[in-house]
Every structure is written in C-alpha cells, then in structure tokens.
Amino acid sequence: MPKTAIKVKNVSKIYKLYDTRAARLKDALGLSRNQGYQEHAALHDITLEIKKGETVGIIGTNGSGKSTLLKIITGVIRQTQGEVEVDGRISALLELGAGFNNEYTGIENVYLQGTMMGFSREEVDKKMDAILEFADIGDFIHQPVKTYSSGMFVRLAFAVAINIEPEILIVDEALSVGDVFFQSKCYRKFEEFKELGKTILFVSHDLSSITKYCDRAVLLNKGVKVMEGTPKEAVDRFKMALVAQEEEQRKENSSLWQPGHAGEQWRDGLSVNPETLEYGDKKAEIIDFAIVDRTGKITNVVQKGEVFTIKMKVLFQEAVSEPIFAFTLKNLMGIELTGTNTMLEKQPVEQKNAGDVQVVSFTQKMTLQGGEYLLSFGCTGYEREEFKVHHRLYDVCSLAVVSEKNTVGYFDMESAVEME
C-alpha cells in the first residue's frame with residue numbers, strides 16, 4: 001500500500017481583520033481591552049491525505065482557501081489549529097518569483113534558490129545545464145530578474161523547482177503565465193514525475209488540466225472542503241460552486257430558464273466581471289444573459305464537445321426597426337476567436353417598439369479547446385443605412401471549457417485518424 005506523502009488533519013486558519021492599524025498594534029502589544037478585530041476563517045477543519053506518487057488537483061472559486069492550504073503544507077504560514085505531516089523533499093511554486101531577489105541576475109537567483117533548498121554550490125552547478133535548458137530564456141539569464149517579463153519569471157522559477165530533485169512538487173497557478181508550448185513542456189514533466197513515483201499537488205483554474213493529469217481532485221468552497229473524488233466528479237460539483245448557491249440549485253429542479261422570484265436574474269447564476277465595459281445609445285438595453293449547459297444549468301463551465309446555449313434578454317427603450325443581436329468569445333489576450341449574430345445567421349428580426357422585450361438564444365456545439373475565455377454581447381442596427389450601437393457588453397463574464405483532449409490551436413476540428 002502506498003505511503004502517505006502529505007497528511008492534513010483538522011486544519012483551520014483564522015485571520016484577524018483589524019478595524020484600524022492602532023487596534024492591530026494594541027493587540028500585538030497586549031494593550032487592547034476590547035476586541036478591535038473580526039475573525040475570518042480562511043480554512044475550516046480541512047482533512048486530506050495524499051499518497052506518494054499521486055497527482056492531486058485543488059479547485060475552487062477565488063477566496064476558497066486553495067493558496068492558503070498550499071502555504072500551510074509548505075510551511076510558509078502556520079495553521080491556527082490542526083496538524084500537517086509531510087514526508088519528502090518539497091519543491092513549491094506558490095507565487096510568481098517568490099524567493100527571487102529582483103536585483104540578482106537569473107544565474108544568481110538559481111544559486112540563491114538552490115542554497116535555500118539545502119544544496120551546495122557544486123550540487124547546483126551539476127543541475128545548472130538542465131535548469132537553463134528547461135527555462136530557455138537565452139541571455140536574459142545573465143540579466144537582473146527585475147527586467148524579466150512575467151513569462152520569463154515563471155519559466156526560470158519552474159525550471160529551478162523541477163530540477164532540484166523534489167519528491168513532492170507543489171504548484172499554485174504558476175503555469176497559467178507561460179505560453180502554450182512551455183505549458184506543454186511542464187505537463188510532460190508532470191508525466192515524467194508521475195512515472196518516477198513522485199507526488200504532485202497543484203492548484204489550477206484550467207479545469208481541463210485537472211481532468212487530464214490528476215488522479216484525484218479536491219474541491220474547496222469558502223474555506224471548507226466540499227468533496228474529494230475523481231476529477232470529473234469534482235469539476236461537476238465545481239460548476240455548482242461557480243453558481244455559488246448549491247442550496248438554491250437543489251431547490252431549482254423545475255426550470256432554470258426563468259427567474260423564480262422577483263428580482264432574480266439569469267446572470268445571478270454566473271460569475272460576472274465587475275469591470276465590464278459597456279457603451280451604446282441604450283435605445284435597446286441588454287438586461288440579462290446566461291450560459292446554459294446541456295443539463296439546463298446556468299453555469300460558467302461547459303464541457304468540450306457538448307451542445308450549449310448562450311442567451312441574452314434585451315429591453316427596448318425606443319423603437320428600433322431591424323435590431324441585430326450578437327455574441328463573441330475572446331481568449332484572455334483579447335483576440336476574438338468566434339461569435340455570430342442574427343444577421344450573419346440570416347435570422348430576420350421584426351421591428352421592436354418601446355417596452356418590448358426580446359430573448360435571443362444561440363445554441364451550438366463547443367469545439368474550443370479547454371481553457372478560459374471571455375464572453376461579450378451586442379445589440380446593434382442600422383438607421384438610414386448608418387450603423388448604430390445600441391448596447392454592447394464587453395468581457396461580461398468568463399466561460400471555462402473543460403476538456404479531456406486538446407489538439408493544437410484554439411479549435412478542435414474533430415479529426416478522424418486512420419492507419420493503413
């Protein structure tokens with residue numbers, strides 16, 4: 001039976017949120033008579049056991065306690081209560097360039113990291129070629145790291161982390177910064193580590209990577225372990241966590257297409273961008289929207305290969321003769337990847353008058369690769385042959401695509417392979 005690499009038992013982490021700086025100082029000096037702070041539980045009673053040789057993913061919404069748990073396991077911070085046992089040399093990538101000295105060159109930081117991990121200069125010298133080959137940042141290795149791009153940072157940090165012979169590798173979202181080729185190289189290294197019987201624990205918002213590489217996944221929500229199980233089971237539950245109201249989800253067995261109570265909207269079931277860019281003359285206004293998966297749930301997560309629906313609800317403040325309804329999907333770099341509108345789809349739309357409400361549904365098969373994308377909506381039209389923008393919502397919410405198989409590029413052409 002495999003031995004245990006990491007054991008977390010009844011771990012909680014409580015932070016004190018002080019009302020003022022003075023209250024913090026008084027509490028530190030033991031001078032405070034009244035409690036000038038509130039307690040926030042970043043983690044509550046977490047129990048987890050990871051066997052040697054396992055690859056385990058941790059998923060959850062922002063603020064769920066993922067990074068806090070990793071920092072406790074690696075000893076960066078102390079838990080408020082509970083026990084943590086680790087059997088094996090840990091190499092951790094918790095924050096981009098954490099432990100690097102910005103004034104040092106890349107080479108000097110390699111030696112610095114090696115020393116912090118208990119290696120002599122001679123031992124680091126033996127690993128240097130492998131580190132430099134993996135990082136592949138050229139002559140920048142001789143420049144101060146303060147001149148590095150975020151991508152260079154993570155390439156060098158990851159190259160050091162995986163080449164110091166760790167028995168346990170812990171990664172917190174660092175790979176999301178590198179390009180697709182570097183990410184591919186890192187995941188090949190993951191496979192190599194797994195074959196060598198090493199343990200990998202990592203946090204990622206790329207749910208397709210969790211599904212593809214992990215043996216198990218743990219779902220955290222608001223500092224509580226919701227469940228652990230197969231990656232697919234965890235991702236399915238994560239969909240409900242993204243909706244943020246698992247309790248309401250169980251009650252809503254009737255219809256998710258219409259709000260159940262006054263004031264409810266479809267968008268309440270989505271993780272919406274608080275900094276959405278919007279503009280237009282508002283003769284027509286996009287008042288609600290949804291992403292609906294094949295089961296009828298409103299969610300930010302769609303399985304690759306599934307049929308799903310994008311919905312928008314538009315309220316007309318004035319008469320518009322021939323409105324055009326549209327959506328687009330962009331990658332995180334802002335490049336438009338796909339989208340359509342009612343004019344391109346040759347869907348005729350009659351004149352709308354003030355007070356009219358139009359619901360538009362775009363249903364299609366998800367062929368984008370696994371990853372994170374941004375959804376935008378638009379309602380436009382023509383007045384006397386002049387193009388008018390009535391309302392646009394840019395990057396209004398994210399759309400995560402979960403995939404068990406990715407091909408090259410942004411789309412999967414669903415190739416059929418024959419060997420003759």
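Predicted model: local features only at pLDDT ≥ 70, side-chain atom pairs only at ≥ 80, totals over all residues.

User: Why is G118 called exposed?

Analyst: The relative accessibility of G118 is 60%. The label exposed needs over 50%, so G118 counts as exposed.

User: And what separates the C-alpha atoms of G118 and I164?

Analyst: A distance of 9.8 Å, while along the chain the two residues are 46 residues apart.

User: Why is I335 called partly exposed?

Analyst: I335 sits in the loop between β14 (324-330) and β15 (336-341). Its relative accessible area is 42%. Buried means under 20% and exposed means over 50%, with partly exposed in between, so I335 is partly exposed.

User: Which residues make the nonpolar surface patch?

Analyst: I335 again, together with M333, Y410 and F411; the patch covers about 400 Å². A patch residue needs over 30% relative accessible area, and I335 has 42%.

User: How many cavities of 30 Å³ or more does the structure hold?

Analyst: One. The largest cavity has a volume of about 40 Å³.

User: What makes up the lining of the largest cavity?

Analyst: The lining residues are T211, K232, V235, D236, Q303, V402 and E404. Helix α8 (residues 231-243) gives the most, with three residues. By class, there are three charged, two polar and two nonpolar residues.

Conventions:
Residues numbered from 1 in each chain as written. Heavy atoms only, no water. Patch = residues over 30% accessible without salt bridge, like charges linked within 9 Å, V, L, I, M, F, W, Y side chains within 5 Å. Areas by Shrake-Rupley, 256 points an atom, 1.4 Å probe, with all protein chains shown as cover. Salt bridge = Lys/Arg side-chain N within 4 Å of Asp/Glu carboxyl O. Helix = DSSP H or I, 4+ residues; strand = E, 2+ residues; numbered from the N terminus. Buried < 20%, exposed > 50% of the residue type's maximum accessible area, 1.4 Å probe, protein only. 1 Å grid on protein atoms, 1.4 Å probe; cavity = no way out; pocket = protein on both sides within 12 Å on 5 of 7 lines; lining within 4 Å. Points joined across faces, edges and corners; volume = space filled by probe spheres on them. Nonpolar A, V, L, I, M, F, W, Y, C, P; charged D, E, K, R; others polar.
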